[in-house]
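I opened this entry to record what I looked up, topic by topic. The sequence and the structure go in first.

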There are 2 protein chains.
Amino acid sequence: MNIPETGKKRVVIIGGGFAGLHLARNLNDRYFQIVMIDKNNYHTFQPLLYQVATAGLEPDSIAYPLRKLFKGSKDFYFRMAEVDRVDTEQKRLHTNIGEVTFDYLIIATGTTTNFFGNRELEQNAMTMKSVSEALDLRSLILQNFEKALLKSAVSEQDALMSIAIVGAGPTGVELAGALAELKKHVLPHDYPDLNINRMQVYLIEMADRVLPPMSSVASSKALDYLKKLGVNVILNEAVESYRDHRVMLKSGKELNAAMMIWAAGVKGNLLPGMNEEAVKYNRYEVNRYHLVKGEESVYAIGDVAYMETEEFPHGLPMLAPVANQSGGNLAKHLNYLQQARSQTVKEFEYFDKGVMATVGRNKAVADLKKLKFGGLFAWLIWMFVHLLSLVGFRNRLITFFNWTYNYFNFDRGIRLIIRKFERN
Amino acid sequence: MNIPETGKKRVVIIGGGFAGLHLARNLNDRYFQIVMIDKNNYHTFQPLLYQVATAGLEPDSIAYPLRKLFKGSKDFYFRMAEVDRVDTEQKRLHTNIGEVTFDYLIIATGTTTNFFGNRELEQNAMTMKSVSEALDLRSLILQNFEKALLKSAVSEQDALMSIAIVGAGPTGVELAGALAELKKHVLPHDYPDLNINRMQVYLIEMADRVLPPMSSVASSKALDYLKKLGVNVILNEAVESYRDHRVMLKSGKELNAAMMIWAAGVKGNLLPGMNEEAVKYNRYEVNRYHLVKGEESVYAIGDVAYMETEEFPHGLPMLAPVANQSGGNLAKHLNYLQQARSQTVKEFEYFDKGVMATVGRNKAVADLKKLKFGGLFAWLIWMFVHLLSLVGFRNRLITFFNWTYNYFNFDRGIRLIIRKFERN
């Protein structure tokens with residue numbers, strides 16, 4: 001990989017997401033040489049992927065070049081690569097662009113979509129875990145509308161216009177809200193020769209409420225907002241199979257939809273060569289110092305890590321703030337270790353500032369520590385928090401511009417099919 | 001194609017570029033049903049494609065959804081399709097999504113890259129005629145830099161960093177300037193472990209000056225700006241072959257460059273089924289009323305049309321203003337024909353407002369009717385003219401924002417490899 005030996009301890013970080021980023025920014029470069037590996041040359045702000053998918057934002061609003069982020073950092077090396085295998089004995093990482101040895105390895109690889117072994121769903125459903133997947137979604141939505149125009153049979157038109165979303169977690173709910181806004185404000189102008197009223201947005205959830213990880217107040221408010229937007233919320237229901245534009249539900253019901261988006265589960269991006277015993281619930285089990293079970297110099301942070309605490313006996317939630325805080329905490333821990341001072345970090349505790357989800361224009365729900373509320377105020381806070389969380393001044397400004405423009409014009413300006421989506 | 005018969009004359013326009021757009025917007029919908037066909041669902045502002053390629057702008061700045069443009073138009077139908085064949089006898093157009101009959105057919109298909117029959121160049125060179133090609137260029141530039149990091153041999157590194165542009169027309173010159181700016185202000189920060197001074201930007205031109213269609217004042221000023229930016233301008237020279245990162249020139253000289261961009265020629269996008277005798281210099285020969293030679297109801301406008309006038313005995317230049325004016329003029333002509341009034345349009349005359357090209361930061365050259373000048377003032381005019389020519393308020397605003405940001409930060413914020421470029 002052409003990385004010089006500088007005598008410092010080498011920390012290899014796999015993944016430039018929230019966790020990896022916070023770690024890298026807080027490691028002391030007097031003690032460490034940092035090598036960051038990611039399959040993309042940019043950081044992705046995942047919470048807003050659904051806006052790329054629904055033509056509200058371009059990738060440059062939510063993606064940030066990793067090299068730019070570390071401009072001027074000393075002894076920092078970024079490599080765009082995919083990991084082939086970890087060799088923890090030899091402390092060596094094998095990638096598609098060569099090998100690199102490490103003193104500390106940090107796994108911050110996040111998650112990938114989990115189809116729970118259903119190959120048919122995996123082949124026929126769309127996912128939204130990366131910028132390119134979000135762009136594929138955007139293209140296919142528009143392609144299906146273009147196709148619908150050419151059909152004479154109403155049932156075919158209906159299927160091509162309709163979208164089923166599986167999983168009513170924050171991703172599913174936010175996506176459903178954004179699609180309902182498209183249906184209301186944008187598509188009728190674009191396709192005057194189609195009867196957009198016949199377009200259906202289905203949101204299918206196994207649990208008995210939307211946003212199951214949130215409070216029941218949030219769930220019922222969100223359900224209310226979704227219904228007002230015209231989303232077909234289907235609770236206590238699961239998908240059995242999906243083919244030929246037909247969603248077969250476990251109950252025997254069928255839905256007509258040319259697109260199904262799977263947002264019903266994720267699993268950790270595990271690495272070949274890693275100790276199988278460290279895996280718990282598809283993630284790496286770590287102790288309160290982020291050390292992977294059974295390992296001495298391999299750590300895991302962010303969504304790929306599974307950590308139990310007193311407050312969260314079933315594991316910390318997979319959320320951006322957990323990733324940020326654990327990245328910062330691990331940096332501190334490693335810095336202290338290297339300083340060889342008596343100072344040590346305390347066991348990691350997640351400081352829970354609350355959870356939010358937005359449901360279309362002017363509406364959001366928020367669960368803060370002591371306060372559960374929804375509506376316009378929650379929506380304003382949601383926007384403010386997300387704007388500030390974006391990496392880089394440029395991204396904040398350009399997102400703010402797009403939001404303002406879209407808000408006042410009831411528009412999503414980026415209805416472009418730049419690369420047609422074609423199923424392999 | 002599912003287009004209803006409304007009793008009005010049907011005008012089918014192939015192509016949503018400058019010419020097609022101006023025509024469609026000016027046709028009177030009391031007389032005509034308009035069907036616009038384009039392979040993309042957006043209009044492309046081609047003069048700024050090079051900024052998408054060099055990470056200065058995202059597609060949403062220069063692409064505009066065609067459906068949005070015609071929102072509210074009566075009896076207007078857009079179809080995303082590719083033309084298979086024209087049947088002028090039956091007045092019928094065959095496409096990949098079905099057939100459509102026409103009363104008037106307007107060919108506004110623009111041009112495609114011309115490799116003059118050299119298959120090797122066609123296979124190994126990059127082109128920049130569409131948004132997706134511009135995105136490919138952007139990705140490959142960045143991918144090559146990522147690769148260069150992994151090479152130990154300096155000659156390999158040099159090749160991977162270097163870029164040869166063939167053709168010093170406005171496209172080649174503007175691209176060379178933008179790449180030189182990247183070299184100067186952006187890449188050294190992104191790749192501190194590479195010696196960016198070794199990066200070469202070559203600009204190869206057959207003629208004895210850059211910008212051959214412009215005045216000699218413009219040519220010499222542009223040459224001066226390019227040299228100051230560090231571009232290697234090679235005049236009176238042509239490319240013989242290109243493979244394995246080596247550009248072989250006709251003179252026997254060789255250049256090392258992992259990327260060659262071909263901007264040395266275009267040819268009209270001709271359509272199967274059209275009368276061969278109408279083709280002149282790879283374009284459709286038209287009379288002063290845009291009627292294709294030998295046809296009665298097939299017109300051609302924009303770059304695909306070849307029209308001789310007294311002032312331009314060798315054909316009108318292939319420029320956006322010509323396309324705009326001829327689209328407007330043809331609309332007037334057809335409107336008059338349909339009104340069945342005695343009023344008719346005059347023979348088309350191109351009103352030449354001048355030509356401009358920009359060469360990096362603060363520099364441009366302009367040939368106006370009576371005034372040839374360059375420098376900062378020309379650059380400001382260039383920016384102003386291009387901003388105003390962009391379609392839609394949103395695109396203008398977002399381009400303006402990006403330019404301002406990039407100017408003051410010496411930055412190109414969008415250094416993202418969203419989809420890796422891989423040669424088939």
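I count two strands as paired if DSSP finds at least two bridges between them. The model is a predicted one, and every value below is computed from it.

**Entry 1**

I began with β15 (residues 246–249) of chain B and looked for its bridges to β16(B). The two pair in the antiparallel sense, over three bridges. One pair I noted down is B:Met248 with its bridge partner B:Glu254 in β16(B).

I then looked at the sheet around this pair. It is open and has three strands, in the order β14-β15-β16 of chain B, with antiparallel pairing. β14 (239–243) and β16 (254–256) of chain B are at the edges; each has a single partner strand, so one side of each lacks a neighbour in the sheet. From one strand to the next the twist averages 20°.

**Entry 1. Sheet β23-β24-β25, chain B**

I turned to another open sheet of three strands in chain B, ordered β23-β24-β25 and paired antiparallel. Its edge strands are β23 (355–358) and β25 (372–374) of chain B, each of which pairs on one side only. The twist here averages 10° from one strand to the next.

Within this sheet I checked β23(B) against β24 (residues 364–367) of chain B: they run antiparallel and are joined by four bridges. I traced B:Val355 to its bridge partner in β24(B), which is B:Asp367.

**Entry 2. Hairpins in chain A**

Strand β6 (residues 83–87) of chain A is joined by four bridges to β7 (residues 92–95) of chain A, and the two run antiparallel. The bridge partner of A:Asp87 in β7(A) is A:Arg92. β6(A) and β7(A) form a hairpin with four residues between them. In that turn I noted A:Lys91, which has a positive phi of about 50°.

How many residues join β7(A) to β8(A) in a hairpin? I found two. Four bridges link β7(A) and β8 (residues 98–101) of chain A, which run antiparallel. I recorded A:Val100 in β8(A) as the bridge partner of A:Leu93.

**Entry 3. Helices α6 and α7, chain A**

I looked up how α6 (residues 131–148) and α7 (residues 154–161) of chain A are set against each other. Their axes come within 8 Å and cross at roughly 165°. An angle over 145 degrees counts as roughly antiparallel, and α6(A) and α7(A) are therefore roughly antiparallel to each other. The crossing of α6(A) past α7(A) is left-handed.

I listed the residues that make this contact: A:Asn144, A:Phe145, A:Lys147 and A:Ala148 from α6(A), and A:Gln157, A:Leu160 and A:Met161 from α7(A). Sorted by class, they are four nonpolar, two polar and one charged.

**Entry 4. Chain A against chain B**

Next I looked at the contact between the chains. Chain B gives 36 residues to it and chain A gives 36 residues. On the side of chain B that touches chain A, the elements giving two or more residues are α3 (59–62), β4 (63–65), α4 (66–69), α6 (131–148), α8 (170–190) and α12 (393–409) of chain B. By class, this side of chain B has 18 nonpolar, eight polar and ten charged residues.

I then asked how the copies are related.

**Entry 5. The α12 pair**

Last, I checked α12 (residues 393–409) of chain A against α12(B). The axes come within 12 Å and cross at roughly 165°. α12(A) and α12(B) are therefore roughly antiparallel to each other, and their crossing is right-handed.

The contact is made by A:Arg394, A:Ile398, A:Phe401 and A:Tyr405 of α12(A) with B:Arg394, B:Ile398, B:Phe401 and B:Tyr405 of α12(B). By class I noted six nonpolar, no polar and two charged residues.

Notes. Residues are numbered from 1 along each chain as its sequence is written. Chains are lettered from A and ligands numbered from 1 in the order in which they are written. This is a predicted model: local features need pLDDT of at least 70, side-chain atom pairs count only at pLDDT 80 or more; totals for chains, interfaces and linings use all residues. Two residues are in contact if their C-beta atoms, placed from the backbone, lie within 7 Å. Ala, Val, Leu, Ile, Met, Phe, Trp, Tyr, Cys and Pro count as nonpolar, Asp, Glu, Lys and Arg as charged, and the others, Gly among them, as polar. Axes are lines fitted to C-alpha atoms, for helices over the stretch in contact, and angles run from 0 to 180 degrees between N-to-C directions. Angles under 35 degrees count as roughly parallel, over 145 as roughly antiparallel, 65 to 115 as roughly perpendicular and the rest as oblique. A crossing is left-handed if the near helix is turned anticlockwise from the far one by less than a right angle, and right-handed if clockwise.
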